[in-house]
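Please look over the sequence and the model before reading on.

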Amino acid sequence: MKLSLEVKAIIIGSIAGLTAVGIPFASGGMLQPKAASMSGATEGILVPAPGTQAREGYTLFQLNCAHCHGSDARGDEGPDLHGITRSAASISTLIRNGRKGEMPKFRDKLNDSQIKALVAFIKSMGD
Ligand code: HEC
C-alpha cells in the first residue's frame, strides 16, 4: 500500500514535470534562439523575422559560423560579414568549399537549402 502510493506520487510528479517542460516546447520556445544569445552577444545584429529563409540562416550561422565571425557577424577570427559585395554564388561556393588554412568547408555538413539560407542571411545584413 505504502509502495503503491509512492509510485503514484512519482507518476504524478513526473507528469507535472513533463507538463512544465512541455509548455515552452508547445509554444515554439525551442524554435527561438536562446534568450541568452539574444542579449549581449548578438547586440548590434538585426535578427531576421521568424519563418523566413534569412532567419533559418541566422540560426545556422549561430551554430556553425559565429565562433569565427562573431555572433553579431562583426568579425572575430574571420572577417565582418556586413555589407559584403560578393555575389550569392560566390558566397555559397566559399561556404561549400571553405578556404584552405582560413575557413573550413561545409559541403559535408550543410545541404544546399541550408547554404542558401545562410547566403540569404548574409545578404540580409546591411552595413
Ligand atoms: C574557423 C573559422 C571560420 C569558420 C567556422 C567560418 N569562417 Fe568564414 N571565414 C573565415 C576566415 C578566416 C575568412 C577569411 C578568408 C579569406 O579572406 O581568405 C572567412 C571568410 C568568409 C566569407 C568571405 C568574406 C568576404 O568579405 O569575402 C564569408 C561569406 C564567410 N566566411 C562565411 C562563413 C559562413 C557562412 C560560415 C558558417 C557556415 C563560416 N564563414 C564559418 C573563418 C571562418
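How do the residues of the shell around the ligand divide into nonpolar, polar and charged? They divide into 14 nonpolar, 3 polar and 4 charged residues, where Ala, Val, Leu, Ile, Met, Phe, Trp, Tyr, Cys and Pro count as nonpolar, Asp, Glu, Lys and Arg as charged, and the others, Gly among them, as polar.

## Basis and confidence

This is a predicted model, in which local features need pLDDT of at least 70 and side-chain atom pairs count only at pLDDT 80 or more, while totals for chains, interfaces and linings use all residues. Residues are numbered from 1 along each chain as its sequence is written.

The mean pLDDT (the predictor's confidence in each residue, from 0 to 100) of the protein chain is 80, and 66% of its residues reach 70 or more. Over residues 21–41 the pLDDT is below 50, and beyond near neighbours in sequence this stretch has 9 contacts in the model, a contact being a pair of residues whose C-beta atoms, placed from the backbone, lie within 7 Å. Where pLDDT is low, the predicted coordinates should not be read in detail.

## Overall architecture

The protein chain has 6 helices and 0 strands, so defined as DSSP runs numbered from the N terminus, with H or I over at least four residues for helices and E over at least two for strands. Read along the sequence, the pattern is α-α-α-α-α-α. Among the contacts in the protein chain with a separation of 6 or more, 59% are accounted for by residues 24 or more positions apart.

Of the 127 residues, 20% count as buried; a residue is buried if 20 or more other C-beta atoms lie within 10 Å of its own, exposed if 12 or fewer, and partly exposed in between, with C-beta atoms placed from the backbone.

## The ligand shell

The shell around the ligand holds 21 residues, of which C65, C68, G78, E102 and M103 come nearest; a residue is near a molecule if its C-beta atom, placed from the backbone, lies within 6 Å of it. The elements that give two or more residues to this shell are α3 (53–64), α4 (66–69), α5 (88–97) and α6 (112–124), and the largest share, 3 residues, comes from α5.

Not counting residues up to four places away in sequence, L118 touches G57, L60, F61 and I95. In α3, the buried residues are A54, R55, G57, Y58, T59, L60, F61 and Q62.

## Two loop positions

A73 lies in the loop between α4 and α5 and has a positive phi of about 60° although it is not a glycine. Because A73 has 24 C-beta neighbours inside 10 Å, it counts as buried.

L46, in the loop between α2 (35–38) and α3, counts as exposed because it has 12 C-beta neighbours inside 10 Å. L46 and D72 are 26 residues apart in sequence and 8.6 Å apart in space, C-alpha to C-alpha.

Note on methods
Contact = placed C-beta atoms within 7 Å.
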